[in-house]
Amino acid sequence: MVKNKLDTQALEYCIEMIGGKWKPIILFHISKGTNRFSKLILAIEGINRQMLSKQLKSLEKSGVIDRTLYPEIPPRVEYVLTPKGRSLLPVVQSMNRWGKKQYAVNTETSGPPNNQQLPLF
């Protein structure tokens, strides 16, 4: 009984670190070298500035990324993975591999592309 509770707590902790729609995507892009806010906003389709800022602050507060502000004009901010953040990369990479496989299977079996019409009879 105690082991199940510990397993659940460990999973909840992991989800707290990288759960949600955006955090794994942000970590993926930062790990690939996209580490400035303006580059992230361009690289991540569908995210707005407010959400990206909120997620970056959360990842920083959790100790997953570090934020460096350079005293330049205009100010330059860069994000890098911490050792804790790098330790999460295998999880993100597993999610990516699983998603690629499932996407390939689902697109093969989902029928004709949207631009083709099926015969009526």
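Which residues does H29 touch, not counting residues up to four places away in sequence? In this predicted model, H29 touches T34, L40, A43 and I44 when those neighbours are set aside, where contact stands for heavy atoms within 4.5 Å. H29 belongs to helix α2, which covers residues 23-31, and H29 is buried, with a relative accessible area of 17%. Here buried means under 20% relative accessible area, exposed means over 50%, and partly exposed lies in between, with a 1.4 Å probe and protein chains only.

## Basis of the description

Residues are numbered from 1 along each chain as its sequence is written, and side-chain values use heavy atoms, with hydrogens and water left out. Since the model is predicted, local features need pLDDT of at least 70 and side-chain atom pairs count only at pLDDT 80 or more, whereas totals for chains, interfaces and linings use all residues. Helices (H or I, at least four residues) and strands (E, at least two) are DSSP runs, numbered from the N terminus.

## Helix α4

Helix α4 has 13 residues and reaches 18 Å from its first C-alpha to its last, close to the 18 Å expected at 1.5 Å a residue; that expected span is 1.5 Å times one less than the number of residues. In α4, L52, Q55, L56 and L59 are buried. Seen down the axis of α4, the buried residues fall within an arc of 100 degrees, so they line one face of the helix, the arc being that of the directions from the helix axis to the C-beta atoms. On the other side of α4, Q50, K54, K57 and K61 are exposed.

Q55, which sits in α4 at residues 49-61, is buried with a relative accessible area of 12%, and, leaving aside its neighbours within four places in sequence, Q55 is in contact with W22, K23 and I26. Just after α4, G63 takes a positive phi of about 80 degrees.

## The β1 and β2 hairpin

Strand β1 (residues 65-70) and β2 run antiparallel and are joined by 6 bridges, where two strands pair if DSSP finds at least two bridges between them. The two strands β1 and β2 form a hairpin with 5 residues between them, and the bridge partner of T68 in β2 is E78. Strand β2, residues 76-81, is mostly covered, with 5 of its 6 residues buried.
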